[in-house]
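Dear colleague,

Please find below the structure that I am handing over to you. My findings follow it, arranged by topic.

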Amino acid sequence: MTGNGALQESAQLYTMDSLRVEVARHDSHESWCAYAIFQSDGSQLTLGLLAVPLMRTRFPRGAITQIRDSMNVPIKTPEEIELMREAGRQAASVLEMITPHVQAGVSTGHLDRLCHDYIVNELGSTPAPLNYHGFPKSICTSINHVVCHGIPDDSKKLKKGDIMNIDVTVKTAAGYHGDSSMMFIIGETIQGERLSRVTQECLYKSMALVRPGVRLSELAQAIEHHAKANGYSVVQDFCGHGIGAGFHEDPQILHYDGYAPEADIELAAGMCFTIEPMINVGDYRTKVLRDGWTAVTKDKGLTAQWEHTLLVTETGVEVLTARSDEDLSFLASS
Ligand code: MF3
Ligand code: CO
Ligand code: CO
């Protein structure tokens, strides 16, 4: 995402104080927007993906309703659900494939190539992150204090005591997305293992609540409660999302209880979305590095994330990105 001014012809313009804000849709499926903020002298302050929690912290509330369309949560048809199952299986298979390769001494650039080649050559699909709003690689590799969107790099080698999230999103030939991420512990780290375990528990506890009629805020509360009970904080600047033919669709899935009333929708059968809590040992605040992508904890504390793509069924939840290393028997009905 190298900022060179206008995002696209259809970009909408907003002016707040001396700042100019440009907002553009990625494509017709996208409910999220790219945004760029310029100072009055024309210099660009920032460029990124629009998310309600981010906007909340930086703009007056009126601006949000101006920019966002009304909530539009797609209900998948039975045919689409089949295609989502295939996309989910594929994303899970990438994480299963890469697991034995994640070891001390291996570079994240190498892991990226292995995933890219597997997705393209073995699965016949596309790595969705590649070129997504300018993202340069096929997976995200987020190590230690990197919250999310870490960029794989040949010179970045894993070392003992590191913890790392690998985030995989596959777009199938049929055009549907499967999005999942998991933590890897390199060598031994007591603090890293505890954080990773509690973060996965946050994901699982919220997944267990998923069924028609449940509100998004209930999922968020379960995550926030478990994180705080363990002395951790919840990242607010990034959230989960609806998923389907679009990489990021409505609704936004917050992992803390920060819903505006109109965004706190009830789940319904046929909705597909991700839950992807990012949990910190220290402070919840994040910042994005100058590469425009890498999000880190402001206090440089350790952070972890786990993510699944889910389908709301008539009776509960189906985990579309379930892996063979997981015991999901705690999910009563699916
Ligand atoms: N997979 C991430 C998610 O969970 C999004 C990565 S976007 C990228 O939503 F461009 F950074 F790859
Ligand atoms: Co996601
Ligand atoms: Co992801």
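In which hand does α3 pass α4, right-handed or left-handed? Before the reply, please note that this is a predicted model. The crossing of α3 past α4 is right-handed.

**The pair α3 and α4**

Helix α3 covers residues 78-98 and helix α4 covers residues 108-122. Their axes lie 10 Å apart, and the two helices pack at an angle of about 135 degrees. Because of that angle, α3 is oblique to α4. On the side of α3, the contact is made by V94, M97 and I98; on the side of α4, L111, L114, C115, Y118 and I119 take part. By class, this contact has eight nonpolar residues, with no polar and no charged ones.

**The pair α5 and α6**

A second pair is formed by helix α5 (residues 190-207) and helix α6 (residues 216-229), whose axes come within 8 Å and cross at roughly 155 degrees. Angles over 145 degrees count as roughly antiparallel, and α5 is therefore roughly antiparallel to α6. The crossing of α5 and α6 is right-handed. Helix α5 contributes V198, E201, C202, K205 and S206 to the contact, while α6 contributes L219, A222, I223, H226 and A227. The classes here are six nonpolar, two polar and two charged residues.

**The protein as a whole**

The protein has six helices and 19 strands. It comprises 334 residues, of which 44% count as buried. Among contacts in the protein with a separation of 6 or more, 65% are accounted for by residues 24 or more positions apart.

**Residue T169**

T169 is placed in strand β8, which spans residues 163-171. Is T169 buried or exposed? T169 counts as buried, because 28 C-beta neighbours lie inside 10 Å, and 20 or more are required for that class. Leaving aside residues up to four places away in sequence, T169 touches A91, A128, P129, H177, G178, D179 and F247. T169 and A92 are 77 residues apart in sequence, yet their C-alpha atoms are 9.4 Å apart in space.

**The surroundings of ligand 1**

Ligand 1 is surrounded by 13 residues, the closest being P129, Y132, F135, H149 and D167. P129, one of these, is also among the residues that T169 touches. By class, the shell around ligand 1 has five nonpolar, four polar and four charged residues.

Yours sincerely

How values were computed. Residues numbered from 1 in each chain as written. Chains lettered and ligands numbered in written order. Predicted model: local features only at pLDDT ≥ 70, side-chain atom pairs only at ≥ 80, totals over all residues. Near = placed C-beta within 6 Å. Nonpolar A, V, L, I, M, F, W, Y, C, P; charged D, E, K, R; others polar. Axes fitted to C-alpha atoms, helices over the stretch in contact; angles between N-to-C directions. Helix = DSSP H or I, 4+ residues; strand = E, 2+ residues; numbered from the N terminus. Parallel < 35°, antiparallel > 145°, perpendicular 65-115°, else oblique. Left-handed = near helix turned anticlockwise from the far one by under 90°. Contact = placed C-beta atoms within 7 Å. Buried ≥ 20, exposed ≤ 12 C-beta atoms within 10 Å, placed from the backbone.
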